[in-house]
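Student: I'd like to learn how to read helices and strands in a model. Can you walk me through one?

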Protein chains: 2
Amino acid sequence: MKSSIVILSGGLDSSVLLLSLLTQARSVRALSINYGQRHSRELEHAALICKTLGVEHRTADLSALRPLLAGSSQTDDTVAVPHGHYAEETMKVTVVPNRNMLMLSVATAWAISTKTDSVAYGAHAGDHAQYPDCREEFCQPLAEAMANADWHRVALERPFLAISKADIVRLGNLLPGGPEIMAESYSCYEGGEYHCGRCGTCVERAQAFAEAGVVDRTLYKDYDYWKTVTAPAPATAA
Amino acid sequence: MKSSIVILSGGLDSSVLLLSLLTQARSVRALSINYGQRHSRELEHAALICKTLGVEHRTADLSALRPLLAGSSQTDDTVAVPHGHYAEETMKVTVVPNRNMLMLSVATAWAISTKTDSVAYGAHAGDHAQYPDCREEFCQPLAEAMANADWHRVALERPFLAISKADIVRLGNLLPGGPEIMAESYSCYEGGEYHCGRCGTCVERAQAFAEAGVVDRTLYKDYDYWKTVTAPAPATAA
């Protein structure tokens, strides 16, 4: 039986990814990374989702790296979380330096030591503009490096790379238990009990449900904010 | 001025690498990784070498990953350190799963957050047989992933990739202060006050000095052991 490790942030994308892999005939475990983010609510939701789904879950603690990851609103308390659309220039401060390579390195280490076939993560088409390490220029060579890091080859799976977040919501809605798992997932950068509705990931989340035409069970403090926010025009060459 | 981060284990190769980069006109900082190895003596020597050279030094603590890195004699106390030649089949237990990708990921994160031009590490030709993540099939794609992990591009430098450990000793011997820095470096897997002389890295170290014709100032408990050990014949195709 094929075996996989899913990188599970506790957010919407990785939660749907985990659920979708469970519907295939394979052995699945989940890995969350504490990289010293501003809050740990996402990680609590990751643990809850794994409990609901009966999936083995580990959290790797990289919080000791925090002093090396300055300048991001997610790991540096002196940088405020911006409000607005995910793809705006102001959102660059939410980028954690080299987050994906760090997470994939740890997952690959665990995969090698447990002879697991693949590592899966939930990067999607909408991530490309903001997160350089969600682009194919990053993923493709990293996949090759992962395959060659040990005599035991580990494959990188990124099934959402060509689809949008709205597509992920549509997929999640079709999977058994999907609506419940999506409601259990947590995306907000602020880390409150309810989603704030105003940060980049809240706006992206609410818009994805609306675009998909799927009921959004998320509890937002300011639900209507996303309607006032539009994506910035793509940058044009000078 | 060009800026670089050197991955410094405290062993011979990375110590000579650090020294050689300092002789070039560039700004250099050093990063050591505590990945929960059997002992921390190498890290103490890394700190000492940086103090001697007046180089900024950070240690990233990844020891929380230890439960994910089972099966290596370096991170799993239930696995004994083997004696003999570095390139023997028995040495495979000393491989820490995905060690280089983990170290390079952390160094790249720090390089991105400090807008540093490059990350340098001391993989050399003799590492290839034993450590899959010292081969070009790993390094080349990883270098490409590192360059594309952020809008700030980080280069991977591996100046020793085509030379032997004996060549590194020869180089170290020619650099100002090199003999002293090599004597301050520490390689032994056992972690005692003196080098054991019998583990794979001790044998490799002693043989490299002998091959280079350079005085070995290292204090070994069993200095003559390396003379009794020869490299295994290369595996031939069936």
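Student: In which sense does helix 1 of chain B cross helix 5 of chain B?

Tutor: A crossing is left-handed if the near helix is turned anticlockwise from the far one by less than a right angle, and right-handed if clockwise. Here helix 1 of chain B passes helix 5 of chain B in a left-handed crossing. This is a predicted model: local features need pLDDT of at least 70, side-chain atom pairs count only at pLDDT 80 or more, and totals for chains, interfaces and linings use all residues. Residues are numbered from 1 along each chain as its sequence is written, and chains are lettered from A and ligands numbered from 1 in the order in which they are written.

Student: Which residues of helix 1 of chain B and helix 5 of chain B make the contact?

Tutor: Contact means C-beta atoms, placed from the backbone, within 7 Å. Helix 1 of chain B brings L12(B), D13(B), V16(B), L19(B) and S20(B), while helix 5 of chain B brings K165(B), I168(B), L171(B) and G172(B).

Student: And what about strand 1 of chain B and strand 2 of chain B: parallel or antiparallel?

Tutor: Strands (DSSP runs of E, at least two residues, numbered from the N terminus; helices are runs of H or I, at least four) pair if DSSP finds at least two bridges between them. Strand 1 (residues 2–7) and strand 2 (residues 26–34) of chain B run parallel, joined by six bridges. I7(B), for example, sits opposite L31(B) of strand 2 of chain B.

Student: Where does strand 3 of chain B come in?

Tutor: Strand 3 (residues 57–61) of chain B pairs with strand 2 of chain B, also in the parallel sense, over five bridges. There, A60(B) is the bridge partner of I33(B).

Definitions and conventions
Two residues are in contact if their C-beta atoms, placed from the backbone, lie within 7 Å.
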